[in-house]
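Reader: I would like to go through this structure with you and ask, for each label, what stands behind it. Please set the values against the cut-offs as you answer.

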Amino acid sequence: MPKALISVTDKTGAVELAHTLTNHGYDVLSTGGTGRLLKENGIHVVEIAQFTGSPEMLGGRVKTLHPRVFGGILGRPDLDDEEFRTHGLEQISIVVVNLYEFSKSIREAGTTPTEAMEQIDIGGVSLIRAAAKNREHVLVVVDPNDYEDVSERISADQIDAEFRASMAAKAFRHTAAYDAEIARYLSANEKFPERLTLTYERDAVMRYGENPHQDAAYYLDASRHGALEQLQGKALSYNNIADTDAALQCLQGLTEPACAIVKHANPCGLAIGTSLLDAYMKAFRTDPTSAFGGIIAFNQELDAATIEHILDNQFAEVIAAPNIDAKVQYVAKRKKALRLITLSKDQSSNTGLSVNTVANGALVQDVDSFELSIAEWSILTDRAPSPVEERDLRFAWHVVKHVKSNAIVFAHDRTTTGIGAGQPNRVVSVRIAAMRMKEEGLGDSGCVMASDAFFPFRDSLDHAAEAGVTAVIQPAGSIRDDEVVAACNEHDMAMVATGIRHFRH
């Protein structure tokens with residue numbers, strides 16, 4: 001009789017698959033907990049210890065590592081018949097294995113390194129690799145989601161070479177990801193190890209990428225176990241996800257009600273308000289034209305009054321918030337195409353490493369999560385900022401970190417009033433910010449200005465003064481700092497230096 005080995009940690013669907021196998025003439029070999037479960041459900045099981053004639057050892061750590069098991073998996077009937085007869089081996093045609101839950105164990109509070117190491121699967125990985133290597137003669141199955149397909153193919157006698165090859169490739173991806181997770185855990189104290197192994201799990205294949213001629217898919221970081229959850233609307237596009245992530249990053253570290261509106265990866269409005277509705281209205285006023293068709297994100301649970309106002313006020317592609325209750329979802333149904341998204345705790349945090357692919361490799365760095373305190377900045381000008389200016393400077397400095405370089409942000413009352421983004425020339429960014437502020441009529445009360453990097457010349461400050469800027473925050477460090485500071489003093493502008501640059505390319 002053909003033989004199938006089933007040894008799984010995740011036992012979802014194992015009983016049903018085993019029934020299919022026995023109904024089609026397979027002997028089922030199994031171990032420990034899997035074997036007990038199958039027996040309890042009326043399935044005849046041959047214990048591995050019985051099959052090998054060798055008992056489990058070392059508390060179950062050694063049970064499948066035996067020549068009869070691996071000979072049966074690695075044997076090739078077309079080449080190894082004589083050795084099969086000599087050593088009494090029997091072909092194992094199907095191997096169904098998934099692994100100890102190492103990643104789950106290290107996420108649980110209080111797991112010690114010793115306990116984590118005990119969750120490193122040895123026999124299971126070896127079984128999978130052996131079966132995948134001999135894919136011409138052995139079908140390897142590692143994912144319970146494939147059991148139904150496997151059962152149907154067994155019933156229809158359609159286990160062909162192409163299917164075996166695809167399952168073998170999936171098996172090697174499975175063990176590679178497992179090893180990568182272990183390596184990441186053991187390398188926790190090495191920020192940049194000599195070999196960086198990252199694993200991502202595919203969440204969705206998309207209609208297209210940034211442009212219709214580009215294929216694309218969305219993958220999740222396997223170590224984070226968090227994702228955007230879509231509650232309604234059309235399928236998320238590549239650009240939707242990229243811009244939603246940018247909007248969520250803009251809100252990092254803000255605890256008071258805040259709203260970010262993003263278009264093409266840049267904020268076109270960001271504000272802190274007395275409520276989410278107040279924050280949205282202030283953010284929208286920054287640039288109503290660009291807000292059309294944008295991504296709107298909040299840092300607190302979305303309320304019905306706010307979404308009612310948004311739907312009456314503008315067209316939005318996405319609205320995202322940490323939590324969205326049933327009442328808000330009911331209101332949102334007015335716009336069936338609107339993508340309504342909540343975010344997991346992992347998705348809302350922005351720590352760790354940033355990875356950008358480049359020619360033949362990747363650039364890896366810390367995520368720019370630096371938050372500046374007032375104690376860390378220095379006043380460069382004759383006049384210190386007032387308490388109100390100080391508050392707005394902190395806000396503008398937070399926003400400028402999320403704007404593409406060269407980045408300039410004008411702000412008043414903790415609201416962006418003008419944004420200059422992505423220019424190769426800093427003075428042009430200042431002019432754009434000033435122009436947008438003037439066009440929207442937001443400069444009457446004056447404003448502060450943040451720059452993501454130092455000013456190489458005084459011309460930016462002269463333009464800022466003309467626009468009504470009263471205080472400036474910037475890293476400083478230019479060879480012409482004295483000239484820049486002198487310009488501020490001439491215009492009675494306060495200037496503070498952070499010593500920190502926030503380039504974002």
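Author: Let us begin with Val69, which has its place in helix α4, residues 67-74, and bear in mind throughout that this is a predicted model.

Reader: Why is Val69 called buried?

Author: The relative accessible area of Val69 is 0%, and buried means under 20%, so Val69 counts as buried.

Reader: What makes up the surroundings of Val69, once residues up to four places away in sequence are not counted?

Author: Val69 touches Leu5, Ile48, Phe51, Thr52, Thr64, Ile92 and Leu127, where a contact means heavy atoms within 4.5 Å. As for Leu21, which is 48 residues from Val69 in sequence, the C-alpha to C-alpha separation in space is 18 Å.

Reader: Why is Asn98 called buried, and where does Asn98 lie?

Author: Asn98 lies in the loop between β4 (92-97) and α6 (102-107), and because its relative accessible area is 7%, a value to be set against the limit of under 20%, Asn98 is classed as buried. Not counting residues up to four places away in sequence, Asn98 touches Ser7, Val8, Thr9, Asp10, Asp121, Val142, Pro144, Tyr147 and His174. The C-alpha atoms of Asn98 and Val150 are separated by 15 Å, while along the chain these residues are 52 apart.

Reader: Let us turn to the aromatic rings. How many aromatic pairs does the structure hold, and why is the pair of Tyr280 and Phe284 called tilted?

Author: The structure holds two aromatic pairs. In one of them, Tyr280 and Phe284 are 5.8 Å centre to centre with 35° between the planes; because ring centres have to lie within 6.5 Å to pair, and planes under 30 degrees apart count as stacked and over 60 as edge-to-face, this pair falls among the rest and is tilted. Tyr280 and Phe284 are four residues apart in helix α12 (residues 276-286), so about one helical turn separates them. Tyr280 is buried, and Phe284 is buried too.

Reader: What makes the pair of Phe292 and Phe315 tilted, and which parts does that pair tie together?

Author: The ring centres of Phe292 and Phe315 are 5.4 Å apart and their planes stand at 50°, so this pair is tilted. Phe292 lies in the loop between α13 (288-291) and β11 (294-298), and Phe315 in the loop between α14 (304-313) and β12 (316-321), so the pair ties together parts that are 23 residues apart in sequence.

Reader: Why is Ala476 called buried?

Author: Ala476 has 19% relative accessibility, and the limit is under 20%, so Ala476 counts as buried. Ala476, in the loop between β20 (469-474) and α19 (481-490), also has a positive phi, near 70°, in a residue other than glycine.

Reader: What is the omega value of the cis peptide bond between Ser405 and Asn406?

Author: Omega is about -10° for the bond that joins Ser405 and Asn406, and Asn406 lies in the loop between α16 (387-400) and β17 (408-412).

Note on methods:
Residues are numbered from 1 along each chain as its sequence is written. This is a predicted model: local features need pLDDT of at least 70, side-chain atom pairs count only at pLDDT 80 or more; totals for chains, interfaces and linings use all residues. Side-chain values use heavy atoms; hydrogens and water are left out. Rings of Phe, Tyr and Trp (its six-membered ring) pair if their centres lie within 6.5 Å; planes under 30 degrees apart count as stacked, over 60 as edge-to-face and the rest as tilted. Helices (H or I, at least four residues) and strands (E, at least two) are DSSP runs, numbered from the N terminus. Buried means under 20% relative accessible area, exposed over 50%, partly exposed in between (1.4 Å probe, protein chains only).
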